[in-house]
Every structure is written in structure tokens, then in C-alpha cells.
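Here's a quick briefing to read alongside the structure. Keep the viewer open and follow along topic by topic.

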Amino acid sequence: MQMLFGAFAEILTTNLFFYSLLGVVAGIVVGALPGLSATMAVAILTPLTFWLEPAQGMAVLLGVYNSAIWAGGITAILINTPGTPASIAQTFDGYHFVKNGKIGLALSVNTIYSVVGGLFGSLVLTIAAFPVARFALRFGPPEMFALALFGLTMMISVSGTKLINGLFAGFLGLLISTIGLDPMHGMPRFTFGNVNLLSGIPFVVALVGMFGVGEVLYQLSERRARNRSFAGDADTSGIIKNLGRWLPTREELRESNLAVFLSCVISTIIGAIPGAGGDIASIVCWQQAKQMSKKPEEFGKGSYTGLAVASLANNGVIGGAMTTMMTLGIPGDGVTAILIGSLMMYGMQPGPRLFVEQAPFVYRIMALMFVGYLMILVLGMLTARASAVILKLKQEYVWLAVIGFCILGSFAINNSVFDVIVMFIAGLVGFIFKKADIPLGPFILALLLGPIAESNYRRSLALSQGDMSIFFTRPITVVLLVLAILSLVWQPVRDLMKRRREAKAA
Amino acid sequence: MTERKFSLNALSIIGFLGILLGIWWASMASKLPGGSMDGTPGAGSFPMAVSIALIILGAIMVYNGFKEQVAYFARPEGVSVEMAKENVLAILLTVAACALFVLLWYWTNNYVIANFVLMLALALVYRVHVVKSLVFAIAFSLGSYYFFSKVLQVLLYAR
């Protein structure tokens with residue numbers, strides 16, 4: 001506890017506060033612009049924060065992460081277009097508030113409940129992280145292999161409707177992850193004599209390319225008109241003038257209390273599951289709230305509770321995702337996958353050892369989560385009108401800036417033009433995959449988890465002298481492997497049962 | 001995405017490329033040590049297993065692609081024919097401009113010139129007004145150079 005309070009004092013009295021504020025403001029711009037996701041922003045900013053101290057860099061990145069997810073709700077509400085994928089559920093009710101003249105209330109609901117969800121998740125992180133890390137210290141190579149496999153299969157199962165496409169992307173990522181030095185014997189593999197490939201395909205560079213340049217190419221392919229602003233045909237000037245009531249009534253607060261509490265718990269648990277992010281959490285929580293509501297007919301037509309839980313859930317996942325990422329080294333969602341790359345860039349390995357070797361840094365991260373959300377609460381209530389102005393920005397300028405920053409970010413990590421070339425290639429691959437409905441998440445995660453899975457698999461067999469039963473005689477390993485298999489077969493089995501039910505009904 | 005008659009689509013092509021990649025990788029992996037006497041898998045075992053899985057998955061994707069008959073790269077809904085053609089051209093020119101940027105940067109070893117050419121070219125491709133394109137290109141190339149080389153002390157030399 002003392003270290004946590006010390007971290008708070010450090011943030012409030014040093015330049016960490018400034019870096020956190022910088023991140024929150026950057027996140028507002030990114031989150032409010034449809035097409036620019038938190039994942040993309042954190043991916044591009046990661047190499048640009050390389051020169052900062054680790055705590056300063058994480059202050060910026062966490063600020064962007066938390067506020068981009070919150071700010072995505074602003075466009076979801078104002079123009080019925082989610083600013084980030086996690087804001088999809090906020091479009092169900094948010095835009096109806098605008099049509100009914102309750103813009104101010106909608107924006108304050110988004111802010112208040114995003115902060116509530118975020119603070120709850122941060123509290124879970126603070127309370128649960130160290131005990132989970134202590135438990136994870138008992139993990140040996142078989143457990144780490146099973147955990148990596150579980151993380152990958154979870155990401156594959158939630159990443160899209162077609163399991164085969166997800167599996168293909170995952171195995172392609174595993175294949176690419178074998179480029180470089182063999183993790184056990186240090187011999188070069190698949191480097192084609194190129195010294196730049198000895199350390200493998202740089203994870204952050206591939207990420208920047210796929211989520212930066214790849215996304216720009218995709219948006220270019222979907223462009224409907226030249227020099228169009230992000231607001232499209234929506235009239236933002238009216239929004240700026242007529243905000244209406246800001247604060248919720250006591251009755252609205254009372255009616256939503258139970259749904260809000262349950263959503264806090266559900267979203268944090270979903271966030272802790274590898275691969276499941278804010279989009280899944282907010283839809284699950286919205287549906288749950290509708291089922292237990294006394295007025296389910298209001299959901300989808302401007303329900304206060306509907307907007308509240310959707311706003312809460314997409315920020316509530318962050319605490320759970322951060323817990324999984326920091327304690328186990330397995331990302332809880334796409335952004336935490338990038339944050340793993342950020343920590344590795346600073347020379348730290350996420351996982352239980354981080355809590356032993358870098359405990360003060362861990363406490364700083366926890367404190368930064370709380371401080372970031374308090375900043376969002378203040379800024380959110382003050383900047384609602386300004387958010388509508390951001391939407392007037394033209395798409396083309398944003399695309400140019402993104403390409404420019406992708407080049408700089410990917411070059412700056414190793415001062416290497418080779419990385420810029422890899423980034424462009426990754427961007428092209430990312431664009432093609434997105435158009436062909438092949439999910440990027442499994443590819444990126446496999447690139448990250450491949451070396452962990454391979455080295456722990458081989459170490460396990462070295463320990464057991466080739467005896468495969470090492471994977472079936474350790475309880476934690478067995479549980480994780482069973483969960484990994486279940487996560488893959490669950491969707492096809494469910495679809496098969498649904499088809500049989502429909503055939504019987506017919 | 002739109003439906004059309006039975007034909008090769010992006011999914012089948014990607015699946016086929018996946019098969020080729022898997023075969024190539026497996027052939028390279030077969031030249032690496034497979035394992036040791038004590039049962040420890042060698043450097044080639046994991047890549048070999050992944051390559052085989054990729055070949056199988058690629059084959060399934062090729063089959064799915066033929067069965068689905070969906071054109072993934074067809075004109076998106078809401079985008080006019082003229083705009084779709086312009087978008088395709090813009091994408092191709094973006095790729096070409098990025099390649100040219102790398103070559104120019106490496107050849108001149110001057111980030112500002114290469115970046116200015118890239119930003120100006122892309123802005124014009126995206127049909128931004130000429131004057132605004134020039135202003136943006138100058139501002140971004142000089143601004144980013146100054147920030148990275150003077151503030152962050154990152155030397156923007158290609159070689």
C-alpha cells in the first residue's frame with residue numbers, strides 16, 4: 001500500500017502527470033475520429049515514446065489507451081458512428097439521445113460511466129495483480145506453453161465468424177515468428193543471409209504497419225467522396241449549440257445501479273480473457289442489462305441504462321486485460337498485445353517476474369490508471385463541444401499524418417530503413433487480410449507468442465527427455481490445454497447444434 | 001463484398017499462397033536439426049509442424065474460397081463506380097509512392113527531400129488542393145525532421 005501511495009505522490013509531483021495528460025489528450029483526438037482505433041494509436045506511438053523513461057512512456061500510452069476508448073463513445077453518440085470498435089454498443093442507444101435533444105446527458109453518461117468502469121477495472125488490477133503474479137511464479141515451461149496456446153486459441157475464436165481464417169492467420173504468424181535465431185541453440189533460421197533478420201521480424205514494426213498503413217489503405221478503398229470530413233453528412237454545428245441537460249436524475253441513477261455493478265464485474269472478467277476486448281464486453285453487458293431490465297423495450301431506442309452499461313463495459317475491460325498482460329505476459333486484448341511490445345522495448349518482460357524485479361514500476365502503472373481516469377472525468381465534462389469540432393477534420397490529412405508517423409516510428413526503433421520496408425510490407429498484408437475478412441489479431445498475437453510457445457514446448461520436452469506426458473500430468477497445464485481446445489471447438493459445435501435445431505423445427 | 005459466379009477469389013488465392021509458403025518453409029525446416037538423442041525437439045521441428053498445419057489450412061481456405069463465391073475486392077456498397085476506380089488508383093499510387101520514398105531516401109540519404117516528395121505526391125493523389133498539399137508537405141517534412149533530429153536526437157539517415 002505504501003508503494004502505491006508513493007507512486008501516486010510521484011505522479012502528481014513529477015512530469016509523469018504531464019505525460020499522462022498528453023496521452024489522454026492524444027487519446028481524445030484518436031478516439032473521436034472514426035477509423036483511428038486505440039490499437040492503431042498505441043501502435044504508432046509506442047516507438048515514438050522509446051526515448052522516454054519507461055514510466056513516462058507508459059504514462060503516454062496508458063493515457064491514450066484509456067481515453068481513446070472513452071472518446072470513441074463521443075462519435076458513437078453524436079453521429080452514430082463508433083470512434084473505435086469498442087464503441088459499437090454505444091450506437092445502439094447513444095444516437096437516440098441526440099435525436100431526443102439530450103446530447104449533454106448522453107455525453108456525460110459516456111464520461112461518468114466510462115470512468116466508473118475504468119476505475120473499477122483499475123481497482124481489480126491493484127488488488128488482484130500481485131496475488132495472481134505470485135501464483136504464476138509457480139508456472140514452469142509446460143504451463144507457459146499451455147498458456148501461450150490458450151491465449152492464441154482464445155484470440156482466434158473471438159476474432160471473427162470464420163474459424164479457419166483465424167487459424168490460418170494464427171499459424172502464419174507462428175511461421176513468421178520462427179524467423180531469426182533459434183531460441184534454444186542460437187542458430188540462424190530462415191534469415192536468408194540477411195543480418196537484419198537475425199533478431200526476427202520486429203513485432204512493433206509489423207504492428208505499426210498492419211494497424212497504421214494497412215488501415216489507411218483499407219479506408220482509402222472504402223472512400224465515398226473526396227475531401228470528406230469524419231462527420232460525413234452529419235451537422236455538427238447544431239450539436240455544438242444545443243446540448244441540453246447534462247446531469248442524470250436520481251431515478252435514472254437508481255434504475256441503473258444493479259446493471260452497472262454487474263457490468264463492472266462482467267467486463268473486468270471478459271477483459272481478463274485473452275483476446276476478448278471492449279467490443280465483446282460492451283455487447284454482452286448491454287444484452288445482459290436488457291434481459292434484466294424492467295423496461296427492455298427502451299433498449300435500442302435511447303435507454304439510459306443501455307448507454308450507461310455500454311459506456312462502462314468498454315473501459316471496464318481495460319483493468320482485466322492489464323491484469324492478464326502484466327501478471328501472465330499474455331495480452332488481454334489487442335492494445336495490451338502492443339503494450340507487451342512496449343515493455344519489451346524498455347527491456348522488461350511482462351509476467352510474474354515483473355512484479356518481483358520491477359515492483360515500483362508496477363505500482364506506477366496502477367497509479368497511472370487511476371490518475372488517467374480522473375483526468376478523463378474532468379476533461380470529458382469540459383470538452384464535449386470541442387469533440388464535435390474534431391470531427392470536421394478531413395480524412396486525407398489524417399491518412400498522410402498516419403503514414404508519416406508510421407515511417408518515423410518504425411525507423412526510430414533501430415535506426416534502420418529495413419524496418420521501414422518491413423512496416424510497408426506488413427501494411428500491405430494487413431490491408432489484404434482486412435479486405436479478405438482474415439483477422440489480424442491472431443497473426444499479431446502469434447508473432448508475439450510464437451517464440452514463447454516454441455521455447456517453452458522444447459524446454460518442457462528437454463526436462464522430460466522427450467516424454468509428452470509432461471503436458472498431461474500437471475494440473476494447471478491440463479486445465480489450460482482443455483480450455484484452449486474448448487475455445488476452438490465451441491463455435492463449430494454451437495453452430496452445428498443450431499443447424500440441427502433449425503432442421504428439426506423445419 | 002458481393003456474390004458472383006464461381007471463380008477464383010481472394011480467399012482461394014491467399015490459401016494457395018499459404019500452401020506454397022508452407023511447402024517452401026517445410027523444405028527449409030527439413031534441413032535444420034530435427035531433434036536430439038534425449039528427445040529434445042531441434043530447431044526444425046516447430047517450423048516443420050507449423051508449415052504442415054499451414055498447408056492443410058491453406059487447402060481448406062482454397063476450398064472455402066471456391067465454395068463461397070464471394071468477391072472480397074469488389075466495389076464496396078455505397079461507393080460509386082468512378083470513386084471505386086479512383087480509390088484503386090490511389091491505393092496503387094500510394095504503394096508506388098512509398099516504394100519510391102524508400103529508394104529516394106536511401107539514394108539521397110536526405111529524409112527531408114524524400115519525405116517532402118512522398119507527402120506531396122500522396123496529397124496530390126488524394127486530390128488535396130495543390131497549395132494545401134505543398135504547405136502540408138513542407139510543414140510535415142521539416143517539422144518531423146526537426147522534432148526527431150533535434151528534440152529526440154534521432155538521426156534520420158538511411159545509411
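This is a predicted model: local features need pLDDT of at least 70, side-chain atom pairs count only at pLDDT 80 or more; totals for chains, interfaces and linings use all residues.

Residues are numbered from 1 along each chain as its sequence is written, and chains are lettered from A and ligands numbered from 1 in the order in which they are written.

**Chain A**

- Chain A has 21 helices and 2 strands (DSSP runs numbered from the N terminus: H or I over at least four residues for helices, E over at least two for strands).
- With a radius of gyration of 22 Å, close to the 23 Å that the globule rule gives for 506 residues, chain A is as compact as a globular protein of that length (the radius is taken over C-alpha atoms, and the rule is 2.2 Å times the number of residues to the power 0.38).
- Its C-alpha atoms fill a box of roughly 70 × 55 × 55 Å along the principal axes.
- Buried residues make up 59% of the 506 in chain A (buried means 20 or more other C-beta atoms within 10 Å of the residue's own, exposed means 12 or fewer, and partly exposed is in between, with C-beta atoms placed from the backbone).

**Chain B**

- Chain B has 5 helices and 2 strands, and from the N terminus on they run β-α-α-β-α-α-α.
- A compact globule of 159 residues would have a radius of gyration near 15 Å, but chain B comes in at 23 Å.
- Of its 159 residues, 33% count as buried.
- Chain B splits into domain 1 (2–71) and domain 2 (81–151), with bounds from an automatic or database domain assignment.
- The centres of these two domains of chain B, taken over C-alpha atoms, are 36 Å apart.

**Where the chains meet**

- The contact takes 48 residues from chain A and 52 residues from chain B (two residues are in contact if their C-beta atoms, placed from the backbone, lie within 7 Å).
- On the chain A side, α8 (163–177), α9 (203–221), α18 (395–414), α19 (417–435) and α20 (440–463) each supply at least two residues.
- The largest share of that side, 8 residues, comes from α18(A).
- By type, the chain A side divides into 29 nonpolar, 8 polar and 11 charged residues (Ala, Val, Leu, Ile, Met, Phe, Trp, Tyr, Cys and Pro count as nonpolar, Asp, Glu, Lys and Arg as charged, and the others, Gly among them, as polar).

**Helix α4 of chain B**

- The buried residues of α4(B) include B:Y111, B:F116, B:M119 and B:V125.
- They pack against α18 of chain A together with α3 (81–108) and α5 (130–151) of chain B.
- Just after α4(B), B:R127 takes a positive phi of about 65°.

**The nonpolar core**

- The largest nonpolar core has 209 residues, and those with the most contacts inside it include A:Y65, A:L207 and B:M119 (such a core is a set of buried Ala, Val, Leu, Ile, Met, Phe, Trp, Tyr and Cys residues joined through C-beta atoms within 7 Å).
- Its largest share, 17 residues, comes from helix α4 (residues 54–79) of chain A.
- Domain 1 (2–71) and domain 2 (81–151) of chain B both give residues to this core, so the core lies between them.
- Not counting residues up to four places away in sequence, A:Y65 touches A:G27, A:A38, A:V42, A:I318 and A:V335.
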